[in-house]
Amino acid sequence: MNLKIFLKTAVKAVKEAGRIQRERFGENFKIEHKGEINLVTEVDYQCEKAIIDIIKRDYPEHEILTEEAGSVKTSSNSRYKWIIDPLDGTTNYAHSYPCFCASIGLEMDGEVVAGAVYNSMLDELFTSVKGEGAYLNGNRIRVSKVSDINKGLLATGFPYDIRHSKENNLNHFCNFAVRAQAIRRPGSAVLDLCYLAAGRFDGFWELKLYPWDMAASSLIVKESGGMITDFKGGEFSIYKGEMLATNGLIHQDMVDILKLG
Ligand code: IPD
Ligand code: CA
Ligand code: CA
C-alpha cells in the first residue's frame, strides 16, 4: 500500500493550520480556560475545523480523534484513525511566544503509519511514513550521536495538574538537571520530539501526554533512528501517557535516572 498518499492530506492540513496560526499570531483572540492553567484559544478551534474539513473531504469514511472535538466517529468501522493536535503549544501561542505547531498522525489498524508536523514560524515541516525515514523540509533527518548524558541536551514538559498532583515531573526534572548538560522546557511536546528526531535534542521524557501529542511525533522519532519506551524501558503506546524518547545511546542512562523517582 502506498502510504504517501495519506501523507499528502496530512501535509495539506498541517500547512493550512500553520497558515492560520501565523496569520493570527499576536492578535487579540479569545482565550478560555479548560482547567486552572490549561488554555484553549479561538485559534485552536479554528485550526481544528480547518484540519477536519480537509481530512473529511479526502477521506469521509475515516475516524478522527482530535484534542478539542474528541472522537469524530463515522458510520463505518474504519481501519484508519487521524489523530490531531491542531495547535501544540497553546500556552506559548496565547503569550505570543513563537514556539508551537500543528500535528497530524494517521493510525492504520492501530499503528501510526504516517505523520506531519508543521512549525509555521520557522517554516519547518517534519514528515514521516512508516519504513521510509523521517524528513525535515524534504531532507532526511537522524537522531544525534551523543552517547554521554553529561553532554546531552534534554527536553521535557510538565502536566497541567502540576499544582495538585505529586506526579508532576518536578522530581525527575531535578534528577536530570544535575546529570545532563542542560534541560529545556520549550512548551510544545510535539516540537520537542521532532527536534529530537533532527538531532537537536538527545533525550525527551514527559508524563500525562495524550495520543495527539505523540502520534505523528513518535513515528518521526522512530523513523529517524530514535528509541521510544515508557519510563521503565518497557513497551511504548501513544495511549499510555508516559514517554521516554532518546537517540538510543543515552536511553538506559535515562531509564536509570527515572528510577531514582
Ligand atoms: C501541551 C504541550 C506542552 C506539554 C503538555 C501538552 P497543548 O500541549 O505539548 O509542551 O508539556 O503536556 O499538553 O496543550 O499545548 O496542546
Ligand atoms: Ca498538545
Ligand atoms: Ca493542543
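## Ile84 in strand β5

Ile84 has a relative accessibility of 0% and therefore counts as buried. The residue belongs to strand β5 of what is a predicted model.

Leaving aside residues up to four places away in sequence, Ile84 touches Ile51, Ile55, Ile64, Leu65, Thr66, Glu67, Ser103, Ile104 and Trp212. Between Ile84 and Ala116 the C-alpha to C-alpha distance is 10.0 Å, with 32 residues separating the two in sequence.

## Calcium ion (ligand 2)

Three aspartates supply the protein donors of the calcium ion (ligand 2): Asp85, Asp88 and Asp213, each through OD, at 2.2 Å from the ion. Along the chain these donor residues follow the spacing D-x2-D-x124-D. Asp85 lies in strand β5 (residues 80–88) and Asp213 in helix α6 (residues 211–223), so this pair ties together parts that are 128 residues apart in sequence.

Asp85 and Asp213 both fall in the buried class, which is set at under 20% relative accessible area. The value for Asp85 is 0%, and that for Asp213 is 8%.

Leu87, like Asp85, is buried.

Asp85 coordinates both the calcium ion (ligand 3) and the calcium ion (ligand 2), and the ions are 3.8 Å apart.

## Cysteines

How many disulfides does the model contain? The count comes to 0. A disulfide requires cysteine sulfur atoms within 2.5 Å. For Cys99, the closest cysteine sulfur is that of Cys101, at 7.9 Å, which is too far for a bond.

Cys99 and Cys174 can also be described by their accessibility. Cys99 is buried, with a relative accessible area of 14%, while Cys174 is partly exposed, with a relative accessible area of 49%.

Key:
Residues numbered from 1 in each chain as written. Chains lettered and ligands numbered in written order. Predicted model: local features only at pLDDT ≥ 70, side-chain atom pairs only at ≥ 80, totals over all residues. Heavy atoms only, no water. Donors = N, O, S within 2.8 Å, 3.2 Å for Na, K, Ca; no water. Buried < 20%, exposed > 50% of the residue type's maximum accessible area, 1.4 Å probe, protein only. Helix = DSSP H or I, 4+ residues; strand = E, 2+ residues; numbered from the N terminus. Contact = heavy atoms within 4.5 Å.
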